[in-house]
Amino acid sequence: MILKNLFVKKQETAKQERPFHTRATRVPLSQLHRISFRQTDPPLEPFALSNISASGVGFLRGSVQWPEVGSIIQGEFTISEQKFPIELKLVYVTQQAAGCQFQPPFVELAKAIANYLQVEIAALEMTCVPSHTLQEEPDGTPCWFYGENNSELYYVLNGETILRFHAVFFANYIEGGKGVPLKFGVVVNDHPEDKPAHKGASLIHWESHWNEERMDSAKRFLCHIQKLKKEHLDALLGLLGPHGRNPG
């Protein structure tokens, strides 16, 4: 981890706080996601997606004339440029939403969803570490979220101002702050087996910029961290400059 030394209490304590997931992680979808679904029999315009997991999907009800609960819907998902024919079983319809389960076989679709949404899934499963367990910062309150694969978000808060931050997801590294230019990089070396050490234990290969796809991934990562306050999310997105408009 980049910031192991900031943890004052044993990591096992925080790990015990991580919730146990009894079903596939459900990911809320936004305009950043290149996922769509259309009914093919009869052919209809794409349905408005609300959320998705490796086993089912939620739709905004909209103006669609939904059949009876238990009905099978023939359709096709598009994930980026890939298309996946699928049958959906309608399991509920409310005034605002409808939910469906994927019908077998859906292994390839589930793999594609998990691969495409790995950033969001990693963010949703992160743990929020209580600030009082972290090493104090001289100019503000530290906030830390961490997860599997060395993913993390760390920032220092003074009032409602984020003085500085850094985020790591799948070896991608970005940092910045108030009046501080963004820096981009890739974590190329980490030593999880070592004793707690400062982030100097990790080597970062600095890059001059990130393309739009990687910036979108950074936004998707931040937007899906649970327990991250909306005002803090908005402030972090603001620090991304013109890249950071909230996609929600």
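This is a predicted model: local features need pLDDT of at least 70, side-chain atom pairs count only at pLDDT 80 or more; totals for chains, interfaces and linings use all residues.
Most peptide bonds are trans. Most residues other than glycine have a negative phi. The sites below depart from one pattern or the other.

## Two cis peptide bonds

Start with the bond from Asp-41 to Pro-42. This peptide bond is cis, and its omega is near -5°. Where does Pro-42 sit? Pro-42 is in the loop between strand E2 (35-39) and strand E3 (49-52).

Next comes a bond between two prolines. The peptide bond from Pro-104 to Pro-105 is cis, with omega near -5°. Pro-105 belongs to the loop that runs between strand E7 (97-102) and helix H2 (107-116).

## Two residues with positive phi

Ala-171 is not a glycine, yet its phi is positive, near 75°. Look for Ala-171 in the loop between strand E11 (161-169) and strand E12 (172-177). Is Ala-171 buried, partly exposed or exposed? Its relative accessible area is 29%. Buried means under 20% and exposed means over 50%, so Ala-171 counts as partly exposed.

Lys-227 is another residue other than glycine with a positive phi, about 70°. The relative accessible area of Lys-227 is 73%. The cut-off for exposed is over 50%, so Lys-227 is exposed.

## Where to look

Note on methods: Residues are numbered from 1 along each chain as its sequence is written. Side-chain values use heavy atoms; hydrogens and water are left out. Helices (H or I, at least four residues) and strands (E, at least two) are DSSP runs, numbered from the N terminus. Buried means under 20% relative accessible area, exposed over 50%, partly exposed in between (1.4 Å probe, protein chains only).
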